[in-house]
Amino acid sequence: MPEELVVSPTLVVPAAELHERFSRSSGPGGQGVNTADSRVELSFDVLRSPSIPDHLRPRLLARLANRLVDGVVTIAASEYRAQLANRAAARDRLAALLRQAAAPPPPSRRDTKPSRGSRERRLTDKKRRARTKQSRQRPHDD
């Protein structure tokens, strides 16, 4: 298991800041289902971590607000039978979650005006449609 969690070139989480808890996985199993603690809960304190740069912390806290409990994000992995595989899966998912939350916001949309040609085409199509509907009407007596 690698010691540190590399999220991006600017964000690397040391192993000392990651806390793992192991428990029994739910669901069906074989002989070892009641003895093997293969479920992994990986926790990382986003609020108090010294490894997060100061300019990234507010963005991470805002984007992970619904996942945080007292500033700590927790990932649970129990899809594999082996504890080692679940540990790797939890680390990968935490790295992906932090990478997504730390990504810069997309550039803001610039308003554009419809081109002259598109406005003319729209009006021409409206007139053509109006003439078509006009020709379908019954002639009325005046």
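Ser49, for instance, is found in the loop between β4 (39-45) and α1 (57-63). The structure is a predicted model, in which local features need pLDDT of at least 70 and side-chain atom pairs count only at pLDDT 80 or more, while totals for chains, interfaces and linings use all residues. Residues are numbered from 1 along each chain as its sequence is written, and side-chain values use heavy atoms, with hydrogens and water left out.

Is Ser49 buried or exposed? A residue is called buried under 20% relative accessible area, exposed over 50%, and partly exposed in between (1.4 Å probe, protein chains only). With a relative accessibility of 2%, Ser49 counts as buried. Its side chain makes a polar contact of 2.8 Å with the side chain of Ser51, where a polar contact is a pair of N or O atoms within 3.5 Å; within protein, one must be able to donate a hydrogen and the other to accept it, and residues adjacent in sequence count only if both atoms are side-chain atoms.

We can now turn to charged residues. Side chains of opposite charge can pair when their charged atoms come close. A salt bridge is defined here as a side-chain nitrogen of Lys or Arg within 4 Å of a carboxyl oxygen of Asp or Glu, and a search of the whole structure finds 8 salt bridges. One of them joins Glu20 and Arg87, whose closest N and O atoms are 2.9 Å apart. This pair links distant parts of the chain, since Glu20 is in strand β3 (residues 18-23) and Arg87 is in helix α2 (residues 83-102), 67 residues apart. Glu20 is partly exposed, with a relative accessible area of 25%, and Arg87 also counts as partly exposed, at 21%.

Another salt bridge is formed by Arg93 and Glu79, with the closest N and O atoms 3.1 Å apart. This pair, too, links distant parts of the chain: Arg93 is in helix α2, whereas Glu79 is in the loop between β6 (72-77) and α2, 14 residues apart. Arg93 counts as partly exposed at 35% relative accessibility, and Glu79 counts as partly exposed at 47%. Salt bridges can also share partners, and in this way Arg21, Arg39 and Glu41 are joined into one network.

Glu41, a member of that network, is found in strand β4. It counts as buried because its relative accessibility is 18%, which is under the 20% limit. The side chains of Glu41 and Arg39 are joined by a polar contact of 2.7 Å. How far apart in sequence and in space are Arg87 and Glu41? They are 46 residues apart in sequence and 8.3 Å apart in space, C-alpha to C-alpha.

A further salt bridge connects Arg48 with Asp45, the closest N and O atoms being 3.2 Å apart. Arg48 is exposed, with a relative accessible area of 54%, whereas Asp45 counts as partly exposed at 21%.

Asp70 draws attention to the backbone. Most residues other than glycine have a negative phi. The phi of Asp70, however, is near 55 degrees, a positive value in a residue other than glycine. Asp70 lies in the loop between β5 (68-69) and β6, and it is exposed, with a relative accessible area of 64%.

Lys113 has its place in the loop between α2 and α3 and is exposed, with a relative accessible area of 75%. Arg119 is found in helix α3 (residues 116-136) and is partly exposed, with a relative accessible area of 40%.

Two pairs of residues show distances across the model. Lys113 and Glu17 are 96 residues apart in sequence and 51 Å apart in space, C-alpha to C-alpha. Lys133, which is found in helix α3 and counts as partly exposed at 46% relative accessibility, is 57 residues from Ala76 in sequence and 62 Å from Ala76 in space, C-alpha to C-alpha.

Conventions:
Helix = DSSP H or I, 4+ residues; strand = E, 2+ residues; numbered from the N terminus.
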